[in-house]
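Q: Could you walk me through the ligand site in this one, and then a residue I'm curious about?
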Amino acid sequence: MTTSLLSVNPFSHATVGSLPLTPLSEIPAIVGRARLAAGGWKSISVTERIACLKPAAARLKMEAARLGGLSSAEMGKPLVEAIGEANYCADGFVAELESIAAALQPFMREDERTISTIHFEPLGVVAAITPWNFPILMLQQSVLPALIAGNTVVTKPSEVSPLVAHEYYAILNEFLPKDVLINVTGDGAQGKALVASNVDLIVFTGSRTTGAHIAAAAGARLARVILELGGKDPLVVLDDADIASAADFAARNSFRNAGQVCVSTERIYVDRKVARAFESAVVERAALLKLGDPADPTTSIGPMSSARQKSLVERHIQGALKDGARLLFGNRTQEGNFVEPTVLAGVNHSMEIMREETFGPVACIMEFDSIDQAVSLANDSPFGLGAAVFGADESRATNVAERLSTGMVGVNRGCGGAEGCPWVGAKQSGVGFHSGVEGHRQFAQFRVLSKKKS
Ligand code: NAD
């Protein structure tokens, strides 16, 4: 029986390291330990919890290069971007703690007869199950709101990037009381066992398929869930769009992190009148990208995170070409886990590549003749994470954006909101959400305490 989890570099195929697999039979006892620790952790104030964790920011900053190096080695993103992610988490750590504390302040409501205070209480033990594409950020955004709300947490990071997650977890644990944060190492089997255990909230970031399994398992015992799932983000390019900036955005957002971003642009709808100009501009930009060693600072795209991910992307591309898509750029055979940035035109919604999440460096371009048609195509998906609309007439572009059925949409920019906004998916891209006042509060139990008004 396998007793350790190997982490393999998707570029060099060398072993990055290994960790002991958490035996499935131990998971209920681990959750039991977290539950025992919950009593002490919930008895201290939010301010004290913050004081406990704040010094971790400086440690994370000190270790950012090492964490970034591990992340890049485990999942293949360019080292510069991986270190950038680690620095982003360290630099934003204290502000994140403070914004969570502010969200958890009790507030009042009153009418002629009653005065009520809404308090935020811990839920108990939270399971945080995370993916590999932003292995540090995804952990941080699941773990901090759960801990500050007074819950203890059991993490189960992705089997693709266990070492960086383990190091992040170890740094936080330098500052936390025993068993307030416990890590489980493993793959879907350990994730499944954690979901089946006696946890009170499951915070999951990952694919729609796994999210549906978790929702079903959690539903059977009415455990709470926050599910941040996959996307199939549309980009709508209107006839008056600035073609250079629309193409800059399309290329950046289709190819960044080899397309392995939940809010990657996966479908592009362009007004037929500007389609040729837009296609050439995207191809020009794709041709400038350099595939290569993630550790080389001149590399723009590393390998896919795994052979499995590469074969999924290739299946989508080959399927589209077989069904009549036009290849404008890319798709040349690559060694190892690389997929060349690829630009396809003439795609349609009968193709898998326009329906299922590809999670690869592919720009898929389809033409439209009217705004109604563009809106209807963009909304024709079970996913609803992010979207973007480009057009020079901002009020017309905003009007189109308002008709899109996604949780987040950007006008002439990406979909992420200003500081303090939630990160939220609509339709099958999310159940519950995180960040912002409304997101932070989902990691706590609301309690309404009412008195007669004198
Ligand atoms: P995944 O669903 O395969 O795995 C995610 C995590 O779930 C891993 O830790 C895995 O071991 C675990 N897991 C697998 N099966 C499980 C089960 N039956 N029960 C419990 N846990 C289980 O996803 P992935 O390939 O790691 O990540 C990519 C996906 O994550 C993409 O769909 C992407 O869009 C999504 N994602 C979404 C967001 C967001 O904010 N909405 C952010 C990042 C990634």
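This is a predicted model: local features need pLDDT of at least 70, side-chain atom pairs count only at pLDDT 80 or more; totals for chains, interfaces and linings use all residues.
Q: How many residues surround the ligand?
A: There are 29 of them, the closest being E159, S207, T210, L229 and E357, where near means that a heavy atom of the residue lies within 4 Å.
Q: And how do they divide into nonpolar, polar and charged?
A: The shell has 13 nonpolar, 10 polar and 6 charged residues.
Q: Where does the ligand lie relative to domain 1 and domain 2?
A: It lies between them, because domain 1 (4-229 + 427-452) and domain 2 (233-411) both give residues to the shell; those bounds come from an automatic or database domain assignment.
Q: Which polar side chains lie by an oxygen atom of the ligand?
A: A polar side-chain atom of E159 is 2.6 Å from a ligand oxygen, and an N or O atom in the side chain of W423 is 2.9 Å from a ligand oxygen.
Q: Switching to T358, is it buried or exposed?
A: T358 is buried, at a relative accessible area of 3%, where buried means under 20% with a 1.4 Å probe and protein chains only.
Q: What does its side chain make a polar contact with?
A: The T358 side chain pairs with that of H316 at 2.8 Å and with that of K232 at 3.1 Å, a polar contact being N or O atoms within 3.5 Å, one able to donate a hydrogen and the other to accept it.

Conventions:
Residues are numbered from 1 along each chain as its sequence is written. Side-chain values use heavy atoms; hydrogens and water are left out. Ala, Val, Leu, Ile, Met, Phe, Trp, Tyr, Cys and Pro count as nonpolar, Asp, Glu, Lys and Arg as charged, and the others, Gly among them, as polar. Buried means under 20% relative accessible area, exposed over 50%, partly exposed in between (1.4 Å probe, protein chains only).
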